[in-house]
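Please open the model in a viewer and keep the selection panel at hand.

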Amino acid sequence: MPLTPEEAAYHKSIFEEECKTQPYKRVVIESPYAGDTERNEAYARACMKHSLNQGEAPIASHLLYTQPGVLDEEVPEQRQWGIEAGYAWMVEAELVIFYVDVGFSHGMLQAMHFAIEHKISIEVRQILLPE
């Protein structure tokens, strides 16, 4: 059942008040995807969790757009479409975080060049995964 306009306004005001006391930094997560996609997806999820634990609001477009039924990473045009959509989010971010425990891919290098070109802050992190 949808909220009434009054209920929606009330919930919005509470949310806005919470954001003032707990501001979330909007961040883009970059980590390897191609290759061992099962391992790399698990790693990207761990990176998202790590970022959330740092009080950030992360997005990892390579996890989002490669979901079944969204885009196909193996089709070059669709892969490029996903990259460009990720860059559209990146320009709105306060920080781009490159997680490097499992390597630094060509796609990550391209994203780093984009971030530098657009004067977006970058940070390199490791979460030190257990063996």
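**A helix and its surroundings**

Begin by selecting α4, which has 15 residues and reaches 21 Å from its first C-alpha to its last, close to the 21 Å expected at 1.5 Å a residue (the expected span being 1.5 Å times one less than the number of residues). Helices (H or I, at least four residues) and strands (E, at least two) are DSSP runs, numbered from the N terminus. The model is predicted: local features need pLDDT of at least 70 and side-chain atom pairs count only at pLDDT 80 or more, whereas totals for chains, interfaces and linings use all residues. Residues are numbered from 1 along each chain as its sequence is written, and side-chain values use heavy atoms, with hydrogens and water left out.

Next, select Gly82, Ile83, Gly86, Tyr87 and Met90, the buried residues of α4 (buried means under 20% relative accessible area, exposed over 50%, partly exposed in between, with a 1.4 Å probe and protein chains only). They lie on the same side of α4 because they cover an arc of only 140 degrees around the axis, taken from the directions from the helix axis to the C-beta atoms. On the other side of α4, select Glu77 and Trp81, which are exposed.

Now display what covers the buried residues of α4, including β1 (25-30), α3 (61-64), β3 and α5.

Which residues have the most contacts inside the largest nonpolar core? Select Tyr87, Met90, Val96 and Phe98 within this core of 13 residues (buried Ala, Val, Leu, Ile, Met, Phe, Trp, Tyr and Cys joined through side-chain atoms within 4.5 Å). The largest share of this core, five residues, comes from α5.

Methods. Contact means heavy atoms within 4.5 Å.
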